Amino acid sequence: MPKADATLDCIGLYCPMPIIQTAAQIAKMAPGQVLEVLADDKGIATDMPAWCASTGNEFLELEKEGDEYRVYVRKKGA
Amino acid sequence: MEEKKKLTIILFSGTMDRALAAFIIANTGAAMGMDVSIFFTFWGLNVLKRYDRPPTGKGWMRKLLNWMNRGSAGRLPLSRFNFAGMGPWMMNRLMREQRMASLPEMIAQAKALGVKLIACTTSCGLMGISEENVVPDVDLFAGAATYLGEATQASVNLFI
């Protein structure tokens, strides 16, 4: 499990809110920092890699615990 | 610096469900770094109408149309199961339960994300919609050539 510099809790939020909030949060972080996103909408499993591919940020890992997903993204530019 | 991908959406429909779909896609595109514009034409203009201004229009047909078709983002019908107005109320309840933004909130989100809102001048003229009767969020009044100019450069182009 990568060490996160910030955590974004999107539990209970449906697409596209987790992605929109991820974009806003990443914008506030420094290049190379890692954001942990918690979500329970299973769309996140494919949405996040797609968002990373479009924006050039690095998709690190996805962990699933029951219904909860933990996704790790590293901001590009480091 | 790599070029931003463009997304163009024509919103022809004036129903709440279709408008929601358009804005969800637009906002997601903007969050993904795309250059997004929505071109509102025909019934799509209902999404941009102001409810706090009296309907206008040259001629009785336009006035009648605008009185019967007042629109505004918070008061749109559903394309199905409208139940004489109960439908949108029920849909808004479901949306609140899911913590989903309402249409007016999504419009504000779109503006914050840099989505361009473009109103079609021809439809405005046809249906007697003046500039004062649309919300100030509109970035531009333009025609089909402007839309097609954007669309030819766009990777994704949708008609909703």
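**Helix H3 of chain B**

Analyst: H3(B) is hardly covered, with one buried residue among its twelve. Buried here means that 20 or more other C-beta atoms, placed from the backbone, lie within 10 Å of the residue's own. Helices are DSSP runs of H or I with at least four residues, strands are runs of E with at least two, and both are numbered from the N terminus. The model is predicted: local features need pLDDT of at least 70, side-chain atom pairs count only at pLDDT 80 or more, and totals for chains, interfaces and linings use all residues. Residues are numbered from 1 along each chain as its sequence is written, while chains are lettered from A and ligands numbered from 1 in the order in which they are written.

User: How far does H3(B) reach from its first C-alpha to its last?

Analyst: H3(B) covers residues 86-97.

User: In which sense do S1(A) and S2(A) pair?

Analyst: Strands pair if DSSP finds at least two bridges between them. S1(A), residues 6-10, and S2(A), residues 34-39, share five bridges. Ala6(A) stands opposite Leu35(A) in S2(A). The sense of the pairing is parallel.

User: Which residue is the bridge partner of Glu36(A) in S4(A)?

Analyst: S2(A) is also joined to S4(A), residues 68-74, by six bridges. These two strands run antiparallel. The partner of Glu36(A) in S4(A) is Tyr72(A).

Conventions
Expected span 1.5 Å × (residues − 1).
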